Each structure stands twice: as structure tokens, then as C-alpha cells.
Amino acid sequence: MTDITLYNTATRGKEPFTPLDETNVRMYVCGPTVYDRAHLGNARPAVVFDVLFRLLREVYGADHVTYVRNITDVDDKINARAAETGRSIRDITNETTAWYLEDMAELGTLEPTEMPRATEWIDQMIAMIGTLIDKGNAYEAEGHVLFRVRSYAEYGALSGRSVDDMIAGARVEVAPYKEDPMDFVLWKPSEGDTPGWESPWGYGRPGWHIECSAMAQELLGRFDPEGKGRFDIHGGGNDLQFPHHENEIAQSKCAGHGFANVWMHNEMLQVEGKKMSKSLGNFFTVRDLLDQGVPGEVIRFVFLSTHYRKPMDWTEAKAREAEATLRKWYALTEQGDDGAEPHHAVVSALANDLNTHQALSELHQLAHAGDIATLRSTLQFLGFMGSTVPGWVHEGQDLLTGLAEMLSTARATAMETKDFGEVDRLKAALAEAGVEVRMSKAGVELLPAEGFDAEKLEMMR
Ligand SMILES: [Zn+2]
């Protein structure tokens, strides 16, 4: 069996990965808050942890991995969107959830084993909050229930900061009913149109953090073979480490459960070297890119070219290069057979703390070596070749086939007339469009190469 090594945020080091139960490897990843289209940065954890999910399935067997990614469908941003648009909350969350799943499918991600919606687990959250109050880790104040951060001595251990440092650096909400500004909301009152549920503390709704603790316990922790409430891996974006993940740990541990053994965080995404933000005008969604004709697999490829613990810089140049590479590989593997094992060197690269950059280099070598069957199976293993963007692979291929015929005819004519002007002109134009020309007695072969540009090709027809 392949040995997996993962970087654990909690210990700040790479560690051999040993699941609690090899027959049910369990992973939780914080999912989207569903009120709008996912922006490109939101897609990074979905792809990173999809690669890990695929690796775990490969190593332990597809039926022996449980991947839970929640859907936050109760949140003040959703309430605000409903108020702005006059639409019902359920309409907005249903539509946005469907968008999210469509967009992530375009990126070649597998659906997690379970995708619990927060609003379906309110009873479990209420039960956990009740336990926290009973144990003295939470208190009721003016219709709110707050977690008493200073009651959990290890608060801050994940991100390696003390509570006082965190107060200094964070935007903590000061409220008169809080014992301490660091205390965070477990339950808050609802009025008017705001969604709410009956609870021992009045009509209200949960704070954000409690849902992950409750759902992770119900769907993963309860399957700990030793009954300690632990599970294997918890993932999410770096921005969630504090306060969200610190709060999840505090809630679960104080409620008497174990929690994740390994914590994994992906770094953030930038665009052309700058932080993505609405004010810089470089803010876009996954759907924006897909609509511009950037195939989901190209986005996936660009993501995989950078290690998940490094900032990912999205650039148009990288997308163009990724597309040219994929077109080349797809053309090579079009006729290949299914059923080969994924390349062992690619599996090993991923087993080394998800070294996706190395995995892509191994694919280049496979393509170079001409091992088409393994290239094909490895591309599938990595989540490629499932394109749902109609025809993007074949569009370029059809163009190339047509141009190859054109060049072939021109060459036949030139052989008779001894005038190679037209052949040279076509070859120069193809080179300009990033196409490699291979001419032999057998015929003309055109391959997409570095700088492949389908638009320039289109103009040649
Ligand atoms: Zn979470």
C-alpha cells in the first residue's frame, strides 16, 4: 500500500498518515455559504480536497472513504440577499447550491459522499449547545448563547496563537451581553422574516461555527472505532483557520468529543499577482471563466500546477499554456484504451503531501515516453477527461484535421509545380498559431504545441 504523508497544520509538520479505520477513512471539509456564485478562490479548496479524496480512494478503496462537505444554508448574507431581492431563502439557497455543484462538476470534482445542509441539522446543533451550557463552556445572555472562549485552555493551538494575540489582531465583535469580547455566538435570536427555530433559549438560529462541529460529529466522529468521536482529516481554506476552525475545535472538544487528527489548509488565490477583490476589478466567478470559454479542466490544471500550501496565482498565460497541454494530451489519448492503472509515480507524488506540481511533471514525461494507455488512465484518475463543456477538445482537433488536409493538398500541388510558396506560408502561419507541423511521406500531422492559439487557426480557414 502506498504510504501517504500529509502536512498537519496542528503540528506544523509533515507526518505519515495513518487512518483510524482503514475501512472507513473520514474527511470533513468546510463547504460554501450558498448565496451567490462561487468565485475562483472558493473553488480552490474544492479542487485540492477532491485530489486528496481521489488519492484516498485509490489507496484505501473507493468504498472505504467518507468525504463530508457541508452546505451553509443559514447565514446573514443569505438573509440579506433575500431581503434585497424579495425572493425566498429556500429559493436562493436551492438555486445557489445547484450552481455550486454544477460549477464544481465542471472542474472535474467528484461529489463528496455526504453534503449535509445546515438547516437539516438544527436539532443536533441545539443538543450540542445544550451540552456546552451544562458543562459551563457556554452561557445564555439576552436571547443569545455564547461560547466562553477562556473556558477552553487550548484555544488558539491550531493557529499557534494566544487568545490575547488573537484579540489584538482580530475584528472581534464587542457586545454588551458578552462576558469577554472573544466569546463567539452559538445561538442568536430571530425576528420578523429572519429564519428561526424554537430552542430552549427562544426562537432563533445558530451561529456559523456550531454547524460544522455538530455535523462532523454526527456524520464522522460517531464512527470512531474507539468511540472517542475522532475522525481523520479536516480541511478548508487558510482563511478559516481562525476563528472558524479554532471555534470548531473548542466546541467539539468541550462537548466531550474528539475531533480531526490531521488539519489541512490550502493557501489563498491571487489573480495576476494581486489579491482578488471587487475594488481591483479582478474579481470573477468560476462561471464567468466558463462562460468566457475557459474549460473547467483548464482551471483544474492551473490549480494543480501550484502546491496547495503556496499562494496560487491565476494568470491568463497559465490558462493558455494549460489548455495547449491538455489539447495535446487529449489528442494523444483519444484512441487509447481504458482500464490501465494510474501511473505509480503520479500516485506517489500525490501521496507526498499532494505534490500536484510533481504529478503534472510525471504526466509530461508519460506523454513524452508515449505510454498512451497510462497517460489516459492517469488523466482520468486526476479528474481530467470528463469535460462537460461540449466539444472543446474536438473543436481544436477538427480545425487541425482540416488544416492538415489543406497543407497536404498544397504539398501535393507544390510537388508538381515546384513552387513551395503556399506550403511555406501555411507552415509559418501554423507555427505562429502554436502548432507543431510534422511532415513525412505518410502524410501531414499537426499537433498543438506551446502557445497554441485556436483563434489564429480559425482565421486560417
Ligand atoms: Zn466549518
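A residue is called buried under 20% relative accessible area, exposed over 50%, and partly exposed in between, with a 1.4 Å probe and protein chains only. The model is predicted, so local features need pLDDT of at least 70 and side-chain atom pairs count only at pLDDT 80 or more, while totals for chains, interfaces and linings use all residues. Residues are numbered from 1 along each chain as its sequence is written, and side-chain values use heavy atoms, with hydrogens and water left out.

**Stop 1: the whole chain**

Show the protein chain as a cartoon. The chain has 16 helices and 15 strands; these are DSSP runs numbered from the N terminus, with helices being H or I of at least four residues and strands being E of at least two. Along its principal axes the C-alpha trace spans about 95 × 50 × 35 Å. Of the 461 residues, 53% count as buried. A contact means heavy atoms within 4.5 Å. Among the contacts with a separation of 6 or more, 74% come from residues 24 or more positions apart.

**Stop 2: an open sheet**

Select strands β4, β3, β9 and β10. They form an open sheet of 4 strands in that order, with parallel pairing; two strands pair if DSSP finds at least two bridges between them. Which strands are at the edges? They are β4 and β10 (260–266), each of which pairs on one side only. Neighbouring strands of this sheet are turned by 20° against each other on average, direction ignored. For such angles, axes are lines fitted to C-alpha atoms, for helices over the stretch in contact, and angles run from 0 to 180 degrees between N-to-C directions.

Zoom in on β3 next. With β9 (residues 231–237), β3 pairs in the parallel sense over 3 bridges, and Met27 stands opposite Ile233 in β9. With β4, β3 pairs in the parallel sense over 5 bridges; there the bridge partner of Arg26 is Thr66.

Show the side chains of β4. In a regular strand the side chains alternate between the two faces of the sheet. On one side of β4 are Val65, Tyr67 and Arg69, on the other Thr66 and Val68, and all are buried.

**Stop 3**

Cys30 lies in the loop between β3 and α1 and Cys212 in helix α6 (residues 210–219), so the pair links parts of the chain 182 residues apart. Cys30 is buried at a relative accessible area of 11%, and Cys212 is buried at 1%.

**Stop 4: salt bridges**

A salt bridge is a side-chain nitrogen of Lys or Arg within 4 Å of a carboxyl oxygen of Asp or Glu. A search of the whole structure finds 25 of them.

Select Asp36 and Arg81. They form a salt bridge, with the closest N and O atoms 3.5 Å apart. Asp36 lies in the loop between β3 (25–29) and α1 (40–60) and Arg81 in helix α2 (residues 76–85), so the pair ties together parts 45 residues apart in sequence. Asp36 is partly exposed at 34%, and Arg81 is partly exposed at 23%.

Finish at Asp73, Arg90, Arg117 and Glu120, which are linked in a network of salt bridges. Asp73 meets Arg90 at 3.9 Å, N to O, and Arg117 at 2.9 Å. Asp73 lies in the loop between β4 and α2 and Arg117 in the loop between α3 and α4 (122–134), so this pair ties together parts 44 residues apart in sequence. Are these two residues buried or exposed? Both Asp73 and Arg117 are buried, whereas Arg90 counts as partly exposed at 43%.
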